[in-house]
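Dear colleague,

Please find the structure handed over below, together with an account of what was found in it. I would be grateful if you would read the notes with the model open beside them.

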Amino acid sequence: MPKTSARLLSLLSLLQTRRDWPGQVLAERLEVSPRTVRRDVDRLRELGYPIAAAKGPDGGYRLDAGAELPPLLFDDGQAVALAVALQAAATSGVGIEEDAARALATVRQVMPARLRHRIDMLRFTAVGRPAVRPEPPVDGEVLMAVSAAVRASEVLRFDYAPAPRAAAPEDGPAAGPRPRRVEPHHLVTWCGRWYLVAWDLDREDWRTFRADRMAPRTPTGPRFAPREVPGGEVAAFVTRRFRGHDESGGRACRGEVILDLPASAVSPYTHDEVVEELGPDRCRLILGSWSWTGLAAAVGRFDADIEVVGPPELREAFAHLARRYTGAAGIRPPGPRRTGTGRGR
């Protein structure tokens, strides 16, 4: 490939990776002079690429959106990343599997043989998390409406559909007579589900909402000044919320038990919880969860006798699970003992 043509392709590839490029930075990346960059930009314009220029000492270039989609350029790494992303779209929960497959076929068709070969070598099947009841996919229009409100920092109103008892600490109760009013901040994915992280204006607290249960209302409300999520990082906040931690980093429900197991057999399965050795076959375990029932169930996975140290809520959770498991086993609980005269044996 001639040197000028190769440089034009490199310049176009750079312009596609970010919104604004200072001319001097482009010159340094391409190892040419700013004058050469200006000439190359003019050549790309002649080929139909809408490139805007900003004057001044900090001036630069921007690839604007045109009436037609210009040819897209991918290096080897970008091609591999695109193939992986499109194939993994089957587990995105948005119901775009067919569109993603068609997009991958379209991209593959226009790629050179060496890149097609690399993509073909990366064929795989994306398998989502198994579920007892498959969750309904999220409507793409809902995601776009919510995302637009996040981007514009506008109050979002929506109806929130009632849901069966959840197996995770999802906020946002069933819809009432009034729609929910929130300041939307981030759309996130967690275990194959889409959630909105938002400040609930009526409850004056942070909440997470399942996107597949949201029905946005129009128009949106007034603009707001975005708040900072607790801790400053959305990923850390969502992780803490779904692992049952409160805003200070501790678990919402925390209890203490004694297990008839050595500490060495318990520690590998407790992550950052407290395990204290009390003897060769006995240990103290202090752990937390997002609910008392969940905490009791987490302790029950250890095949050992359990002594509850506290608090009373944890003891009640064990009693609740005992009744549930007894019913699941088909064992009728013993009735009250009869007193008085009866038939002899």
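**Strand β7 and Asp-205**

Asp-205 is partly exposed, with a relative accessible area of 33%. Please note that the model is a predicted one. Asp-205 is located in strand β7, which covers residues 205–210. Apart from neighbours within four places in sequence, Asp-205 is in contact with Ala-198, Trp-199 and Asp-200. The C-alpha atoms of Asp-205 and Val-182 are separated by 9.7 Å, and the two residues are 23 apart along the chain.

**The chain as a whole**

The protein chain has 345 residues, of which 33% are buried. Its secondary structure comes to 11 helices and 12 strands. The accessible surface of the chain is about 21,900 Å², and carbon and sulfur atoms account for 53% of that surface. Of the contacts between residues at least 6 apart in sequence, 57% join residues at least 24 apart.

Which residues of helix α2 are buried? In this helix, formed by residues 23–30, they are Gly-23, Leu-26, Ala-27 and Leu-30. Viewed down the axis of α2, these buried residues fall within an arc of 100°, so they line one face of the helix. Their cover includes α1 (3–15), β1 (21–22), α3 (34–46) and β3 (60–63). Glu-28 and Arg-29, on the other side of α2, are exposed.

Glu-31 is exposed, and its relative accessible area is 72%.

Is Ser-153 buried or exposed? Ser-153 is buried, with a relative accessible area of 11%. Glu-31, by contrast, is exposed.

**Cis peptide bonds**

The peptide bond that runs from Thr-218 to Pro-219 is cis, and its omega is near 0°. Pro-219 sits in the loop between β8 (214–216) and α8 (234–242). A cis peptide bond also runs from Gly-310 to Pro-311, with omega near 5°. Pro-311 is found in the loop between β12 (306–310) and α11.

**Helices α10 and α11**

Two packed helices are described by the angle between their axes and the distance between the axes. For helix α10 (residues 292–300) and helix α11 (residues 312–328), the axes come within 8 Å and cross at roughly 70°. Angles of 65 to 115 degrees count as roughly perpendicular, and α10 and α11 are therefore roughly perpendicular to each other.

Which residues meet where α10 is in contact with α11? From α10, they are Trp-292, Thr-293, Leu-295, Ala-296, Ala-297 and Val-299. From α11, they are Glu-313, Leu-314, Ala-317, Phe-318, His-320 and Leu-321. The residues of this contact divide into nine nonpolar, two polar and one charged.

Within α10, the buried residues are Leu-295, Ala-296 and Val-299. Seen along the axis of α10, they fall within an arc of 95°, so they line one face of the helix. These buried residues pack against β9 (253–259), β11 (282–289), β12 and α11. Leu-295, Ala-296 and Val-299 are also among the residues of α10 that meet α11.

**Val-266 in helix α9**

Helix α9, which consists of residues 263–266, contains Val-266. This residue is buried, with a relative accessible area of 0%. What is Val-266 in contact with, once neighbours within four places in sequence are left aside? The residues in question are Leu-259, Leu-261, Val-275, Cys-283, Leu-285 and Phe-302. For one of these, Leu-285, the C-alpha atom is separated from that of Val-266 by 8.4 Å, with the two residues 19 apart along the chain.

Yours sincerely

How values were computed:
Residues are numbered from 1 along each chain as its sequence is written. This is a predicted model: local features need pLDDT of at least 70, side-chain atom pairs count only at pLDDT 80 or more; totals for chains, interfaces and linings use all residues. Side-chain values use heavy atoms; hydrogens and water are left out. Buried means under 20% relative accessible area, exposed over 50%, partly exposed in between (1.4 Å probe, protein chains only). Helices (H or I, at least four residues) and strands (E, at least two) are DSSP runs, numbered from the N terminus. The arc is that of the directions from the helix axis to the C-beta atoms. Contact means heavy atoms within 4.5 Å. Axes are lines fitted to C-alpha atoms, for helices over the stretch in contact, and angles run from 0 to 180 degrees between N-to-C directions. Angles under 35 degrees count as roughly parallel, over 145 as roughly antiparallel, 65 to 115 as roughly perpendicular and the rest as oblique. Ala, Val, Leu, Ile, Met, Phe, Trp, Tyr, Cys and Pro count as nonpolar, Asp, Glu, Lys and Arg as charged, and the others, Gly among them, as polar. Accessible areas come from the Shrake-Rupley method with a 1.4 Å probe; for residues, only the protein chains shown count as cover.
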